[in-house]
Amino acid sequence: MSAPVAPLLEVRDVELRIGGLHILRGVTFDVRENEFFTVIGPNGAGKTSLLNVLSRIYHPTAGSVAFDGRSLLEVRRTGLADLGIARTFQNLALFEHMDVMDNVVLGRQRLMRSGVLTGAVWWGRARREEAEARQACEPLIDLLGLGDFLNRPIRDLPYGIKKRIELARALAVEPRLLLLDEPAAGMNDEETEELADWILTAKQELGVTVVMIEHDMGMVTRLGDRALVLDFGTVVTIESPRAAIADPRVISAYLGDETEEADDPTATGTIAVGIPLGQDRKAKHA
Ligand SMILES: Nc1ncnc2c1ncn2[C@@H]1O[C@H](COP(=O)(O)OP(=O)(O)OP(=O)(O)O)[C@@H](O)[C@H]1O
Ligand SMILES: [Mg+2]
């Protein structure tokens with residue numbers, strides 16, 4: 001019998017307090033290599049804070065986080081890319097005045113000794129490295145269907161394309177673990193479906209493990225292997241996305257958050273896929 005494979009990510013009893021707020025409470029879970037792991041829960045549940053812990057923006061008050069058997073809590077934020085961890089943000093974080101290629105190439109900075117923007121001293125080497133980085137990004141640009149937009153400034157592009165560029169930049173890190181915070185926020189149904197296809201393609205082609213926060217339940221049930229449900233910083237359940245959205249504890253977590261929906265007959269029984277809940281939350285980011 002072969003030994004069980006250790007999880008890629010191990011989160012144990014994580015507590016996070018900021019000021020007087022107790023934001024995460026005893027959060028424990030594992031993510032397996034190559035898994036598509038999703039995190040759902042009402043607004044303010046602590047999802048982004050959890051991702052901030054995983055990406056070393058927040059240091060937990062207690063608990064442990066291990067990546068590939070090594071404590072992440074001893075790694076600086078700037079060392080994450082070297083370990084193979086990349087993330088996207090809930091709000092777009094692109095350089096609007098730069099073009100698509102430049103934004104994607106920035107993701108490779110850790111793979112370039114001289115750095116993209118600091119090459120003045122080592123001009124020759126920097127130019128060579130930058131050319132190599134651009135070349136290395138071309139398959140990724142093709143994979144994500146961004147070839148037509150390459151030399152256009154980001155600010156001129158539709159929102160859906162910008163979100164895809166952000167995904168490309170994170171993948172340019174060549175991560176083993178990709179952390180996505182509401183990739184479909186602010187998108188309509190068609191754009192959401194299209195982005196889900198791109199994420200799936202990237203995951204399959206590049207063999208990356210994904211942790212994705214998302215409010216769009218259609219996307220979560222379609223892509224996710226498992227869903228962790230957070231409410232008030234506590235793990236309510238970890239199960240298949242379909243089981244999670246039908247779980248009475250999860251439904252009451254959502255209804256408790258949106259009391260105005262308590263009288264809505266469509267808001268009982270299950271959290272419908274493509275639900276008003278998702279639309280409301282998306283509108284918030286639009
Ligand atoms: N740096 C901070 N300072 C103070 N409070 C914070 C900080 N970061 C998070 N919080 C609080 O922690 C709670 C959880 O916030 P978080 O952004 O993690 O929620 P979320 O689940 O991502 O919500 P949403 O679905 O709206 O994005 C909120 O009450 C938020 O105001
Ligand atoms: Mg959030």
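**Entry 1: a pair of strands**

How many bridges join strand β3 to strand β9, and do they run parallel or antiparallel? I am working from a predicted model, and I looked up this pair before anything else. I found 4 bridges between β3, residues 36-40, and β9, residues 226-231, and the two strands run parallel. I40 has V229 in β9 as its bridge partner, and T38 stands opposite A227 of β9.

**Entry 2: the whole sheet**

Next I stepped back to see where these strands belong. They are part of an open sheet of 6 strands, and I noted the order as β6-β7-β8-β3-β9-β10, with mixed pairing. At the edges I found β6 (85-87) and β10 (234-239), each of which pairs on one side only. A reminder to myself: strands of a sheet pair through backbone hydrogen bonds, either parallel or antiparallel.

Is β9 enclosed or open to the outside? I checked its residues, and 6 of the 6 are buried, so β9 is largely enclosed by the rest of the structure. I then sorted them by direction. R226, L228 and L230 point one way, while A227, V229 and D231 point the other way, and all of them are buried.

I followed the chain on to β10. β9 and β10 pair in the antiparallel sense, over 5 bridges, and D231 has T234 in β10 as its bridge partner. The hairpin they make has 2 residues between the strands, and there I noted that F232 takes a positive phi near 50°.

**Entry 3: helix α6**

Does the length of α6 agree or disagree with what its residue count predicts? I took its 18 residues, 189-206, at 1.5 Å a residue, which should span 26 Å; the end C-alpha atoms are 26 Å apart, so the two agree.

Then I asked which residues of α6 are buried. My list is T192, L195, A196, I199 and A202. Seen down the axis of α6, these buried residues fall within an arc of 130°, so they line one face of the helix. The spacing reminded me of a handy rule: an α-helix has 3.6 residues a turn, so residues three or four places apart point the same way. On the other side of α6, I found E190 and Q204 exposed. Just after the helix comes G207, which takes a positive phi of about 65°.

**Entry 4: around ligand 1**

I turned to the ligand and asked which residues are closest to it. There are 13 residues around ligand 1, and the closest are N43, A45, K47, T48 and S49. The elements that give two or more residues to this shell are β2 (21-31) and α1 (47-54). α1 gives the most, with 3 residues. Sorted by class, the shell has 4 nonpolar, 8 polar and 1 charged residues.

**Entry 5: a loop residue**

My last stop was Q109, which I found in the loop between α3 (100-106) and α4 (123-143). Q109 is partly exposed, with 16 other C-beta atoms within 10 Å. I also looked up its distance to A172: Q109 and A172 are 63 residues apart in sequence, but 9.0 Å apart in space, C-alpha to C-alpha.

Terms used. Residues are numbered from 1 along each chain as its sequence is written. Chains are lettered from A and ligands numbered from 1 in the order in which they are written. This is a predicted model: local features need pLDDT of at least 70, side-chain atom pairs count only at pLDDT 80 or more; totals for chains, interfaces and linings use all residues. A residue is near a molecule or strand if its C-beta atom, placed from the backbone, lies within 6 Å of it. Ala, Val, Leu, Ile, Met, Phe, Trp, Tyr, Cys and Pro count as nonpolar, Asp, Glu, Lys and Arg as charged, and the others, Gly among them, as polar. Two strands pair if DSSP finds at least two bridges between them. The expected span of a helix is 1.5 Å times one less than its number of residues. A residue is buried if 20 or more other C-beta atoms lie within 10 Å of its own, exposed if 12 or fewer, and partly exposed in between; C-beta atoms are placed from the backbone. The arc is that of the directions from the helix axis to the C-beta atoms.
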